[in-house]
Amino acid sequence: MPHDHHDHDHGALSPSGHPYRKDDDIVLSYWQMMEISVRELLIEKGHITAAQVHNQINTMDARSPANGAKVVARAWSDPEFKSALLTDAGQASRDMGFDIGPMHLIAVENTILVHNVVVCTLCSCYPRNLLGLPPDWYKSRAYRSRTVIEPRKVLSEFGVEIAQDVQVRVHDSTADMRYIVLPAQPKETMGLSADELAYWVTRDSMIGVGLPQAPK
Amino acid sequence: MGGDPAGNINHDQHDFALWEKRVDALMVLASSAGLMNTDSLRRVLEDMGEEAYETMSYYERWIASVSQNMVEAGAFSTAELADKMAQVKARGTTYGDAT
Amino acid sequence: MKVRVQNHWPPGHIRTPAYLRGKTGEIEREIGLFNNPEQNAYRLPPQQRRLVRVRFTMAEIWGDAAETPDDVIEAEIYAHWLEPA
């Protein structure tokens with residue numbers, strides 16, 4: 001049979017505007033063989049079930065920056081919630097109904113005096129149970145190496161210029177805590193509802209490499 | 001890693017393939033089953049060394065670590081893994097055929 | 001409280017970044033008790049260890065090479081890696 005035309009074939013973009021990863025229709029790699037084998041052995045030996053694998057993928061797919069955006073928007077519009085978030089961000093997120101598993105979360109607040117940015121120099125720790133899987137650059141050697149020694153230059157490359165009278169605070173997720181930045185609320189959004197505010201909160205603003213943006 | 005010389009940050013982004021999502025799920029489920037933990041995942045990744053970081057993708061390194069952890073935990077033997085991989089390879093030439 | 005990260009370089013899995021070893025900072029907050037990763041990594045029954053967040057200035061970590069000396073880095077360090085400074 002001739003090579004079928006797939007609608008996600010070479011060079012096409014996904015609905016989120018990103019290129020697809022090499023997928024089902026390319027030659028089976030050694031590591032893909034290992035994934036299939038580990039999965040089947042764990043299922044055959046009763047350690048996990050196929051349904052659990054399926055459900056876990058669905059659970060991760062449902063986690064996205066939109067969840068974090070709702071948390072941030074609520075903090076902007078509800079001072080009591082903001083206080084709870086800064087005390088225990090994990091509990092505050094759970095109280096909003098988000099299933100973040102056992103994750104320990106700390107929220108760090110941007111102010112007129114402080115700009116926070118998050119990195120994991122040892123691996124790729126990220127608040128994945130709230131925001132979903134991290135972007136590729138977050139896991140890159142360049143981001144992990146440079147953010148702790150030249151954070152202002154890194155931020156500048158992301159389009160964020162920090163004034164010299166603002167302290168940059170880099171959070172290295174070295175151990176058991178995960179971090180979310182609570183960006184400063186843009187002046188022009190004062191008075192908007194939490195639902196409207198959530199559209200202003202970008203993924204990058206919750207990592208600290210971006211600022212909230214007017215919805216397109 | 002932290003503070004080491006490094007080049008520009010590549011902002012390209014890709015959507016995860018099914019096999020990558022499955023690797024992620026296997027790590028989470030094997031941890032819930034008590035067969036491994038985040039530190040044991042990281043320990044094997046670190047022991048794989050610099051070369052693996054340069055030559056393997058993120059989830060390629062992860063499945064290598066998960067697999068090593070499963071052998072260490074007694075979930076299956078290296079012989080069982082080798083047999084299974086041979087069977088998988090015989091199923092076809094693409095991921096879709098073999099899975 | 002001022003603390004110094006021990007300047008130890010053991011082989012094996014640890015969660016204390018190389019660039020912070022031997023450096024002095026302030027305890028930012030206590031986080032609580034967590035499994036010791038140095039045992040957990042080898043699937044040994046882990047002891048509970050105090051985990052604290054420590055704040056370091058860029059000047060302390062990088063000296064003259066600091067991008068902005070008063071900027072800071074905060075990291076989680078297990079208490080058994082810390083000594084009074």
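I began with A:Arg141, which comes out as partly exposed at 25% relative accessibility. I kept in mind throughout that the model is predicted. The side chain of A:Arg141 meets that of B:Glu50 in a salt bridge, with 3.4 Å from N to O. I placed A:Arg141 in helix α7 of chain A and B:Glu50 in helix α3 (residues 49-55) of chain B, so this pair joins two chains. For B:Glu50 I noted a relative accessible area of 55%, which means that B:Glu50 counts as exposed.

Next I asked which partner the side chain of B:Asp24 meets in a salt bridge. I found A:Arg128, at 2.4 Å from N to O. B:Asp24 belongs to helix α1 (residues 18-32) of chain B and A:Arg128 to helix α6 (residues 128-131) of chain A, so here too the pair joins two chains. Are these two residues buried or exposed? B:Asp24 is buried at 2% relative accessibility, and A:Arg128 is buried as well, at 17%; I checked both values against the cut-off, which is under 20% for a buried residue.

I then turned to A:Lys45 and B:Glu80, whose side chains form a salt bridge at 2.8 Å, N to O. Because A:Lys45 sits in the loop between α1 and α2 of chain A, while B:Glu80 sits in helix α5 (residues 78-90) of chain B, the pair joins two chains. I recorded both as partly exposed, A:Lys45 with a relative accessible area of 37% and B:Glu80 at 31%.

With these pairs noted, I looked at the interface as a whole. I counted 60 residues of chain A in contact with 61 residues of chain B, and the area buried between the two chains is about 5600 Å², with 63% of this given by carbon and sulfur atoms. The rule finds eight salt bridges across this interface, and I looked up one more pair, B:Lys84 with A:Glu40, at 3.2 Å from N to O. I also noted 17 residue pairs in polar contact between chain A and chain B, both residues being at pLDDT 80 or more.

Which helices of chain A supply at least two residues each to the side that touches chain B? I listed α1 (30-44), α2 (50-62), α7 (141-146) and α8 (151-157), and of these α1(A) gives the most, with 14 residues. By class, I found 29 nonpolar, 12 polar and 19 charged residues on that side of chain A.

Over all chains the count comes to 28 salt bridges. I also came across a network of salt bridges that links A:Arg169 with C:Glu28, C:Arg29, C:Arg53, C:Arg55 and C:Glu74.

Conventions:
Residues numbered from 1 in each chain as written. Chains lettered and ligands numbered in written order. Predicted model: local features only at pLDDT ≥ 70, side-chain atom pairs only at ≥ 80, totals over all residues. Heavy atoms only, no water. Contact = heavy atoms within 4.5 Å. Buried area = accessible area lost by both parts, 1.4 Å probe. Salt bridge = Lys/Arg side-chain N within 4 Å of Asp/Glu carboxyl O. Polar contact = N/O pair within 3.5 Å; in protein donor to acceptor, adjacent residues only side chain to side chain. Helix = DSSP H or I, 4+ residues; strand = E, 2+ residues; numbered from the N terminus. Nonpolar A, V, L, I, M, F, W, Y, C, P; charged D, E, K, R; others polar. Buried < 20%, exposed > 50% of the residue type's maximum accessible area, 1.4 Å probe, protein only.
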